[in-house]
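Good morning, and thank you for coming. Please look at the sequence and the structure as I bring them up.

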Amino acid sequence: MTMVFQAAPAQKIQNVYGEYRYVVPDNVTMAEARRTAEKRARTEAIAEAFGTVITQSNSTVIKNDTGKSTVDFLSLNESDVKGEWLSNTRDTEFQFLVDEYTGQQVVICRVWGKAREIVAAKVDFTAKILRKEADPAFESETFKNGDQFYLYFSSPTDGYLAVYMVDAEQTAYCLLPYMNDTDGQARIVGGREYIFFSIDKAERDERPVVDEYVMTTPRSVEHDNIYIIFSPNEFTKANDLYATDELPRQLNFADFHKWLTRCRTRDAQMTMVQKVVTIKQ
C-alpha cells in the first residue's frame, strides 16, 4: 500500500478594514450595541477580503409601512464568510449619533485587523454554558450573583481545549486547564460528552484537580467574555500567574490576546468561540 501525503492548502493572512452602521433597537443596551456593531464590522471586513459562502436560500424580512413594502436582507453571520478574524491592528473606533428622521440611537463601528482565509472545514464542536445545574438542558448566558457556572463540551475528534474568562477589568482568567493541572493542557477524547467545573460529573481519577466556579459581581450588571479554544493539534495554555485560592490563575488581557493570536496564526485548525455572559445582582 502506498500512502500519499497531501499538504494542507495555504491560508492567506491579510490586513482588513470594516465599517458597520448599527441602528440600536429600543430594548438593546449601549454595551450590547457596541458588541454587535463591532462583530458585524469584522464580518463585513472579512467578507470584503475573502468573499462569502454561497447558499441556496436567503433570509429576508418584508415590511409594509403605510402601503410601501421594503425587503431587508439580514446581515451576514460569521458562518457566511470565508475567513476568520485573528487580531486587531489598531483600536476599534465607535461613533454615536441620533438618526435625524427616526430619532433612534445609531452606533457606527470601524475596525482594523488581520484576518485569515478559510479554505478547509474546521472541527465542528459543541459548547454550552450552563447555569446552576450541570446538565445541558440548563444552557444560559445570563447569571445571577452566586449562580454556579458549568460548561458542556463535545467534539467529534480528539484534541485539546482551553477556556478563559475576561472580566470588566480586562483580566483574563484561565478556567481550563484546571489550576492544579500542571501540564497546561486539557485533553479531549472525540465522541465523549464533558461537563466541566463539576466534581460530580468528572471521572473519578480527574476529581482531585477539578475547580468549581460561582459567578459573582460587585456591579448591578456585568458582561464578561468566555473564550472557548479547541484544536486537534497540541497546544499549551498561556503563561498565567497564581493570585489567590479564591480565583483562577490569571494574566492581563493584552498578554492573553498576544498568546491567542500567536496560537491561531500558527495553527489553522484551531477554532475559537467567544460567548458573552451577563451577571446581575
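In which loop is phenylalanine 197 found? Phenylalanine 197 is found in the loop between strand S13 (193-196) and S14; strands here are DSSP runs of E with at least two residues, helices are runs of H or I with at least four, and both are numbered from the N terminus.

Before I continue, a word on the source. This is a predicted model, in which local features need pLDDT of at least 70 and side-chain atom pairs count only at pLDDT 80 or more, while totals for chains, interfaces and linings use all residues. Residues are numbered from 1 along each chain as its sequence is written, and side-chain values use heavy atoms, with hydrogens and water left out.

Phenylalanine 197 has a phi near 75 degrees, a positive value in a residue other than glycine. At 0% relative accessibility, phenylalanine 197 is buried; buried means under 20% relative accessible area, exposed over 50%, and partly exposed in between, with a 1.4 Å probe and protein chains only. Lysine 132 also has a positive phi near 75 degrees, and it lies in the loop between strand S7 (126-131) and strand S8 (142-144). Lysine 132 is partly exposed, at 45%.

Let us turn to a peptide bond. Leucine 176 and proline 177 are joined in cis, with omega about 5 degrees. Proline 177 belongs to the loop between S11 and strand S12 (186-188).

Strand S11 (171-176) also contributes at least two residues to the lining of the second largest pocket, as do strand S14 (213-214) and strand S15 (221-231). A pocket is an open set of points on a 1 Å grid over the protein atoms alone, where a 1.4 Å probe fits, with protein on both sides within 12 Å along at least five of seven lines; lining residues have an atom within 4 Å of a point. Of the 23 lining residues, Val214, Thr216, Glu246, Leu247 and Pro248 lie nearest the pocket's centre.

Finally, consider helix H1 (residues 30-50). Among the buried residues of H1 are Ala33, Glu38 and Phe50. After H1 comes glycine 51, whose phi is positive, near 90 degrees.
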